[in-house]
Amino acid sequence: LMLTGLAGMTIPLGLTACSPSQGEFAPVGTVPLPIPPLAESEVVDGVRTFSLTAQTGESTLIAGRPEVSTPTVGYNGAFLGPTVRMADGESVRVAAENRLDVMTTLHWHGMHLPAEMDGGPHTPIEARSTRTVEWDVHQPAATLWYHPHPHGETEEQVLKGLTGLVIVDDEASRASGLPDEYGVDDVPLILQDRFLDEDGVIHRVEGDNALGTVGQTLLANGVSGTEFSVSAELVRLRILNGSAARFLDLSFADDRAFSLVGTDGGLLTEPVELTRLPLSPGERAEMLVRFAPNDRVELQTEEPEIPGAGFAASMGDQTAGVFVVFRAESSLASARAWQLPPDGRRQLHEEDAVRRREFELRMPFLNRREMDMERIDAIVRVGDTEVWEVTTPDAFPHNFHVHDVQFRVLDIDGGKPPVWLRGWKDTVPLHSGQHVRLIMRFEDYTDPAVPYMMHCHLLQHEDSGMMGQFLVTEDGAGPDRIALPETGG
Ligand code: C2O
Ligand code: CU
């Protein structure tokens with residue numbers, strides 16, 4: 001593991017936290033939905049090797065508005081990043097270069113990998129330097145994502161554009177018959193909102209509501225006002241809610257049903273028919289949608305119906321809107337037969353859990369303490385199954401994300417979780433007053449010095465301290481405090 005290059009000074013990316021006014025930019029017409037390119041890779045000595053470079057650029061985020069040019073940041077481009085595709089069983093290496101003037105990190109959200117490779121706050125990539133990580137992919141097919149995770153700076157860097165998808169493939173998913181032609185009938189959809197000021201500049205906004213930055217510009221793969229040309233009867237959407245604070249409530253404008261076939265950690269064993277799908281920041285979903293020739297239908301988000309949400313003001317202005325219009329061609333490739341593969345993972349049973357831990361998310365703390373980079377909040381023994389109970393007394397929602405593992409939701413307030421939360425998950429919504437019990441097993445990787453994170457994935461909450469750190473060690477013992485990462489090169 002190497003940290004190379006010159007040290008950089010830490011200067012802000014230029015976002016402000018005052019109260020700018022939001023520009024009224026409606027798309028003028030539509031543009032084709034951009035499909036993030038697949039990241040190029042090379043197999044070197046049996047290791048699939050990728051390069052991702054964080055860099056600045058200028059982007060047109062709104063269809064038909066070339067005059068609105070937005071300063072952005074992306075990986076290998078001006079905004080967002082390429083889709084990094086890998087297979088279970090492969091060894092991968094990623095050289096992450098930071099061409100920015102600020103420190104960043106590169107976190108693999110949803111990936112099961114050693115803490116040192118996970119890209120959390122303890123593994124900085126200093127300005128103008130490169131960090132190379134390597135691991136063996138050891139998990140079933142899934143839609144994951146990558147984003148920066150520098151403590152206190154995540155919202156700013158993600159809003160600027162640092163987000164990309166990861167697709168993990170495996171034998172079972174390849175044999176499933178599910179649509180798999182990338183960008184044609186297997187379509188990545190990074191859904192995000194942005195607060196743009198009157199000049200089209202991206203802002204983070206503090207103190208405007210309880211959740212963080214919510215904006216009225218809805219982007220699909222980085223552009224507002226897109227249209228996807230459907231050429232197949234059956235289309236698989238791989239959706240990421242990549243927003244900082246917006247709770248999506250997705251549906252099609254004609255209320256057509258779709259099949260949920262995958263959640264954060266991979267495919268379900270049975271499809272679930274839905275007409276609406278709530279998705280909190282950081283969560284993913286894979287769905288299958290059927291189209292008839294010449295169909296035209298919008299994928300929209302409704303104002304979320306959040307149980308217990310105190311008052312609208314605490315949620316920000318999460319108004320309804322359209323992310324992308326699907327327009328089917330006059331003749332469509334016919335759907336082939338598909339079947340979801342059986343779940344090859346070890347199933348988790350509550351009676352096997354050896355420990356129960358409690359987490360309370362109360363603004364702005366996790367368990368009444370503010371995130372401290374030097375403090376270890378939990379130490380887990382590798383191989384153990386644990387139950388984590390998460391609650392919030394706040395009047396507004398949070399969510400909860402755990403690094404390294406995929407968990408199951410045992411119950412919510414003592415009852416069965418809704419059907420869309422019954423698969424493998426790494427992020428779960430947490431509504432006001434709710435008590436959510438999760439079961440997870442920590443496998444393979446130990447490190448007595450580098451922690452994984454658990455936190456609220458509302459990025460402003462995470463940045464302001466609603467995050468904790470856990471170690472996974474051989475014997476479940478370890479230090480209470482650890483050294484800060486070395487910075488400055
Ligand atoms: Cu998506 Cu700790 O992050
Ligand atoms: Cu939160």
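What follows is a set of questions and answers on this model.

Modeller: This is a predicted model, in which local features need pLDDT of at least 70, side-chain atom pairs count only at pLDDT 80 or more, and totals for chains, interfaces and linings use all residues. Residues are numbered from 1 along each chain as its sequence is written, and chains are lettered from A and ligands numbered from 1 in the order in which they are written.

Colleague: What average pLDDT does the chain have?

Modeller: pLDDT is the predictor's confidence in each residue, from 0 to 100. At least 70 is reached by 94% of the residues. For the complex, the predictor gives an ipTM of 0.98 and a pTM of 0.95. The chain average is a pLDDT of 94.

Colleague: How far apart are the C-alpha centres of domain 2 and domain 3?

Modeller: Domain bounds come from an automatic or database domain assignment. That assignment gives domain 1 (2-17 + 32-173), domain 2 (186-333) and domain 3 (350-473). For domain 2 and domain 3, the C-alpha centres lie apart by 25 Å.

Colleague: Which element gives the largest share of the side of domain 2 that touches domain 3?

Modeller: The contact takes 30 residues from domain 2 and 22 residues from domain 3. On the domain 2 side, two or more residues each come from strand E18 (258-263), strand E19 (266-274), strand E20 (276-279) and helix H3 (312-315). Helices (H or I, at least four residues) and strands (E, at least two) are DSSP runs, numbered from the N terminus. The largest share, four residues, comes from E19.

Colleague: Which residues touch the most other members of the largest nonpolar core?

Modeller: A nonpolar core is a set of buried Ala, Val, Leu, Ile, Met, Phe, Trp, Tyr and Cys residues joined through C-beta atoms within 7 Å. This one has 119 residues, and strand E12 (residues 186-196) gives the most, with six residues. Leaving aside neighbours within four places in sequence, the contacts of Val166 include Trp108 and Trp145. The residues that touch the most other members are Val166 and Leu438.

Colleague: Which strands stand at the edges of the five-stranded open sheet?

Modeller: The order is E25-E24-E27-E31-E29, with mixed pairing. Two strands pair if DSSP finds at least two bridges between them. Each edge strand has a single partner, so one side of each is left without a neighbour in the sheet. The edges are strand E25 (365-366) and strand E29 (408-412).

Colleague: What is the bridge partner of Thr391 in E31?

Modeller: Strand E27 (residues 385-391) and strand E31 (residues 435-441) run antiparallel and are joined by seven bridges. In E31, the partner of Thr391 is His435.

Colleague: Is Leu80 buried or exposed?

Modeller: Leu80 lies in the loop between strand E5 (70-75) and strand E6 (84-87). Its phi is positive, about 55°, although Leu80 is not a glycine. A residue is buried if 20 or more other C-beta atoms lie within 10 Å of its own, exposed if 12 or fewer, and partly exposed in between, with C-beta atoms placed from the backbone. With 26 other C-beta atoms within 10 Å, Leu80 is buried.

Colleague: And Asp255, buried or exposed?

Modeller: Asp255 lies in the loop between E17 and E18. Asp255 has a positive phi of about 60° and is not a glycine. Because Asp255 has 9 other C-beta atoms within 10 Å, Asp255 is exposed.

Colleague: Which residue does a cis peptide bond join to Met363?

Modeller: Most residues other than glycine have a negative phi, and most peptide bonds are trans. Here omega is about -10°. The residue joined to Met363 is Pro364.

Methods: Contact = placed C-beta atoms within 7 Å.
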